[in-house]
Amino acid sequence: MSEPTEDSVRAEVRAWLEANWKPDYGLVEWRLKLCESGWGAPHWPKQWYGRGLPVKFNSVVDEEFARVGAVGVAKAGIRTLAAATILEHGTDLHKEKFLKRILTGEDTWCQLFSEPGSGSDMAGAVTRADKQGNKWVINGQKVWTTSAHKAHWGLLLARANWDVPKHKGLAYFILDMKQPGVQVHPLKQMNNHASFNQVFFTDAIVEPEFLVSDVGDGWTVATTTLMHERRGADGLRTWAQATGRKGRIYDEERAEIATTMEPYKWYPQRAGRVDLVLPRARETGKIDDPVIRQEIARLLCLSKAAEWTARRARAAQDQGKPQGPEGSLGKLVSSHVARQAARVHTYITGSDALLSGADSPMAGVIAEILISVPATSIAGGTDEIQRNIISERVLKMPKEPSVDTTKPFKDVPRNITAS
Amino acid sequence: MRFSFSAEQDEFRTSLRRALEARSPTKEVRRLMATENGFDREGWQKLNQEMGLTAVHIPEAYGGSGFGFGELGIVLEEMGRNLLCAPYFSTAVLATTAILNASTEEQKKALLPGIASGEVTATLAFSEDSGLNDAASVAMTATPSGGTYKLDGIKSFVLDGHTADLIVVLARKPGSTGEDGLSFFTVDGKAAGLERRPLKTMDETRKLARLTFKGVAARLLGAEGQAAPAFARTMQQIVICLANEMVGGAERLREDALAYVKMRMQFGRSIASFQTTKNKAADMLVDVEMAKSAAYYAAAALDEGDDDLAAIASLAKATAAEAYLQTAIHAVQMHGGIGFTWDNDTHLWFKRAKSSEILFGDANYHRELMMRAWAA
C-alpha cells in the first residue's frame with residue numbers, strides 16, 4: 001500500500017463518514033463504531049482502535065468530522081492522558097480493559113500525582129504503597145486532583161520502596177476510585193471555585209495486575225503522562241466545546257462536555273482575557289489615556305509575540321526540523337501575558353475593580369480575572385520550574401548541586417504532613 | 001503567513017554567517033569603528049559582490065536578485081549578529097526602499113543597478129535637528145529652479161551621511177505643512193553647497209552625520225508633493241528591517257553571555273549552576289525568541305502584503321528595542337566586572353542595542369503608533 005497522504009486520508013475518512021455517520025445514534029453506540037473503524041483515534045495502533053496513521057493527519061480527520069458535524073470520541077479531561085500512558089506502558093490487559101471505555105466516554109479518570117508535601121518536587125511523593133499478600137495497600141493523600149469526585153479510575157504515583165533514592169522507589173498504579181478506602185473532598189481556591197480535590201487513601205486496595213510499572217520505574221511512567229499533558233496527548237486532548245446542534249447524540253455530548261469542562265470554566269479568566277482589553281478600554285473611555293495606551297500596547301506586543309512564537313514552533317515541527325528553543329517557552333510566556341493582562345484590566349477598570357460578582361463589571365468576569373491570574377504561573381509547573389527546565393534542557397546549564405537524589409529516601413528531610 | 005525558513009534560506013544564512021565571521025571578527029569591528037568613515041570601501045565591495053548582499057531584495061529588472069524581505073531580514077540579522085561595519089543599512093534599506101517606494105520606473109532603472117552591484121553607497125535623510133521621525137517635522141525646503149530643485153536646510157542623524165555617494169532627501173514645498181507638499185529628492189554626495197559633518201556617536205559602529213544644505217541641486221523622485229504615503233511605507237519597512245538586525249545582535253549577546261557563565265567558576269562551582277544565573281538566562285531566551293518571532297512575522301507580513309503592516313512594524317520595533325537592551329543589560333551583568341571593561345566585547349553590542357533602541361523611534365513612540373493603528 002502506498003504511503004498515506006493528506007489527500008488520501010481525507011478521501012478515506014470522508015467516504016467512511018458518508019457511509020456511516022448518522023446523528024440519530026446514541027453517543028456510546030456511535031463511538032463504538034469509531035473504535036471499530038479506527039477513525040476516533042487515527043494515530044493509535046490498528047490493534048487498539050486506531051489506524052496507525054502519523055499524528056499529523058489528526059487535524060485532517062478532525063476537519064472532516066467537523067464538516068459533517070460528526071461527533072468524535074471523548075477527548076476532554078484526564079482520560080486521554082491515561083490512554084496515552086496505557087498505550088505506551090500498559091499491559092494488554094490494561095489496554096483491553098480501559099482503552100475502549102476511554103474513547104466511548106464511559107469511564108472518566110483522574111491523575112493522582114501531586115501531594116501536599118510535594119508540588120514542584122513531584123518525585124518526593126510519600127503516599128505509601130505496601131504489599132500485603134498479593135495486593136497493594138495504599139495510604140496517604142493527593143491534592144489538586146481535577147474531577148476526582150467523578151472519576152472511575154485514577155493514575156496513581158506512590159512510594160513502594162523507602163530504602164532507595166527518591167526517583168527509584170516509586171510505582172505507578174491504576175486505582176479504582178469507587179472503593180471505601182478512597183475519600184474525595186473539594187479544595188476551595190482563592191477565586192471561590194473548587195475545581196480540584198483532595199483525595200485521601202485509607203487502606204485503599206490495588207489489585208496486583210493494576211501495577212503499570214515495575215516498582216522503581218514509576219517515575220518513568222509518570223514522566224510519560226506529564227509529557228502527554230504538556231503536548232495535549234497529540235491533539236486528542238482538547239478543550240471540548242459543545243455545538244448548538246439538535247439531536248440525541250448532540251444532547252448526550254453536550255451533557256458529557258458540561259460535566260467534564262465544569263472545573264475549567266474559569267480558565268479563560270486565568271489566562272487574562274486579552275480579548276476583552278480593547279473593547280473594555282473603548283467602553284470606559286480609558287483608550288484615550290496615554291499611560292494606559294502604553295500598557296495595553298505592551299500587552300498586545302506580548303500576546304502577539306507569544307502567538308507567533310507558538311506558530312514558529314509548530315511550523316518547524318511540520319517541516320520536520322529538530323525542536324528549537326521557541327518550542328519550550330510557551331508556558332512561561334503565558335504567565336507574562338496573564339500578569340500584564342490583569343494589570344491592564346485593573347488600570348482600565350479603576351475603582352470598579354474593588355468589587356466582585358453582580359456589583360462589578362461584566363457580572364464578575366473582570367473581578368474573576370484579577371483573582372484567577374495568579375494560578376497561571378503555578379499550575380502545571382511553576383515559572384521557577386519552567387526556568388529551570390529551559391536553562392537545563394535547552395541552554396544546557398548545569399543543575400544545582402543536589403542533596404536528595406543519592407541517599408535512601410527515608411533519610412531525606414521532608415515536609416511534615418498529616419497522615 | 002510564513003512561519004519558518006526554507007532549507008535554501010537556512011543554507012543562505014549559514015554561508016553568510018561563515019563569511020561574516022571570517023571577514024568581520026571583533027578585532028576588525030574595533031579597527032573600523034575607530035575610523036571616521038566607519039568602513040573599508042574595498043573590503044566591503046568585495047564581500048558585497050561575492051555574496052550579492054545589496055542586490056538581495058532589489059527586483060531583477062533593476063539589476064537585483066529579486067528576493068523578498070524574508071531574505072533581506074536574514075542578511076540584516078546576520079549583520080546585527082556580527083556588527084559588520086559597512087554602509088549596508090543606509091544603502092540597501094534606507095535609500096533602496098525609499099527609491100522603490102517613490103520613484104518612477106525610469107528612475108529605478110537609473111538608480112538601483114549601481115546600488116545592486118555595490119558601486120554606489122547611498123542613504124536616506126529625513127530627520128532634522130529635532131531628531132523626530134515623522135513627516136510633519138520636516139522643515140527643509142525644495143525650491144524649483146529651471147527643471148530641477150534647490151534644497152535648503154539641515155538634515156541630521158543621517159546614517160552614513162558623510163560617506164554616501166547618493167543621498168535621498170525628504171523635503172517640502174516652501175509654505176507647506178504636515179504631510180502636504182513633501183517630496184523625495186536625490187542629491188549627489190559631493191554636490192556643491194552640501195556640507196557634511198560626521199557626528200561623534202555613542203555607538204561607534206553606527207556612523208551618523210549632520211548635513212547642511214545651502215541651495216544644493218537636487219532631482220525630484222516620483223511625483224512632486226506626493227511623498228507622504230511612500231515615506232510612511234518606507235518607515236514601516238525600515239523599522240521592520242531594523243528589528244531583524246536587532247534580534248541578530250540580541251541573540252549573539254545572549255549566546256556569548258551564556259558561554260561565559262558556563263566557563264566562569266566562583267565558590268567552587270560554575271556560576272551557570274546558580275539558579276539566579278539560570279533564571280536570568282531563561283528570561284533572556286524568552287525575550288530574544290519573542291522578539292525574533294515578531295521580527296520574522298513582520299518581514300513575512302511585508303512580503304505577503306498584510307493589511308496590519310503599520311501596527312505589526314511598530315510592534316516588531318518596540319519588542320526588539322526592549323528585548324535587545326534588556327539582553328545587553330543582563331549580558332553585562334552576567335560578565336561581572338569584566339563586562340564593564342573596554343577590552344571585553346560586550347559593550348560593542350550594548351551600545352548597538354542602545355542606538356537601535358532609539359533609532360527611528362523608541363519603544364514608547366512605536367507602542368503609540370501601534371495603538372493608533374489597532375485601537376485608533
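This is a predicted model: local features need pLDDT of at least 70, side-chain atom pairs count only at pLDDT 80 or more; totals for chains, interfaces and linings use all residues.
Biologist: Let's start with how the chains are divided. Which domains does chain A have?

Modeller: Chain A is split into domain 1 (6-76 + 238-263), domain 2 (79-92 + 105-235) and domain 3 (266-380). Note that domain 1 and domain 2 are each written as two segments. For chain B, the assignment gives domain 1 (7-121), domain 2 (123-225) and domain 3 (229-375).

Biologist: How do I read the contact between domain 1 and domain 2 of chain A, and what does each side supply?

Modeller: Begin with the centres, then turn to the residues. The C-alpha centres of these two domains of chain A are 28 Å apart. Domain 1 of chain A puts 14 residues into the contact and domain 2 of chain A puts in eleven residues. On the domain 1 side, α2 (27-37), α3 (58-68) and α7 (248-261) of chain A each give at least two residues, and α2(A) has the largest share, with three residues. By class, that side holds seven nonpolar, four polar and three charged residues.

Biologist: Now the two chains. What should I look for where they touch?

Modeller: In general, the size of an interface is often given as the accessible area lost when the parts come together. Here we can go by residues: 34 from chain A and 29 from chain B. On the chain A side, α10 (290-318), α11 (330-349) and α13 (383-394) each supply at least two residues. Helix α10(A) has the largest share, 16 residues. The chain A side divides into 20 nonpolar, five polar and nine charged residues.

Biologist: Could we look at one residue there? What does A:Gln294 contact?

Modeller: A:Gln294 sits in helix α10 of chain A. Leaving aside neighbours within four places in sequence, A:Gln294 is in contact with B:Asn364 and B:Arg367.

Biologist: Why is A:Gln294 called partly exposed?

Modeller: Because A:Gln294 has 16 other C-beta atoms within 10 Å, whereas a residue counts as buried at 20 or more and as exposed at 12 or fewer.

Biologist: How do I read which side of a helix faces inward?

Modeller: An α-helix has 3.6 residues a turn, so residues three or four places apart point the same way. Take helix α6 (residues 218-230) of chain A: its buried residues are A:Gly218, A:Val221, A:Ala222, A:Thr225 and A:His228. They cover an arc of only 120° around the axis, so they are on the same side of α6(A). Among the elements covering them are α4 (79-89), β1 (109-112), β4 (153-159) and β5 (170-176) of chain A.

Biologist: Last topic, the nonpolar cores. How many residues are in the largest one?

Modeller: The largest nonpolar core has 160 residues, and B:Leu151, B:Phe185 and B:Ala320 are among those with the most contacts inside it. Helix α8 (residues 275-303) of chain B gives the largest share, 17 residues. Apart from this core lies another, of 68 residues, including A:Val9 and A:Phe210.

How values were computed. Residues are numbered from 1 along each chain as its sequence is written. Chains are lettered from A and ligands numbered from 1 in the order in which they are written. A nonpolar core is a set of buried Ala, Val, Leu, Ile, Met, Phe, Trp, Tyr and Cys residues joined through C-beta atoms within 7 Å. Helices (H or I, at least four residues) and strands (E, at least two) are DSSP runs, numbered from the N terminus. Domain bounds come from an automatic or database domain assignment. Two residues are in contact if their C-beta atoms, placed from the backbone, lie within 7 Å. Ala, Val, Leu, Ile, Met, Phe, Trp, Tyr, Cys and Pro count as nonpolar, Asp, Glu, Lys and Arg as charged, and the others, Gly among them, as polar. The arc is that of the directions from the helix axis to the C-beta atoms.
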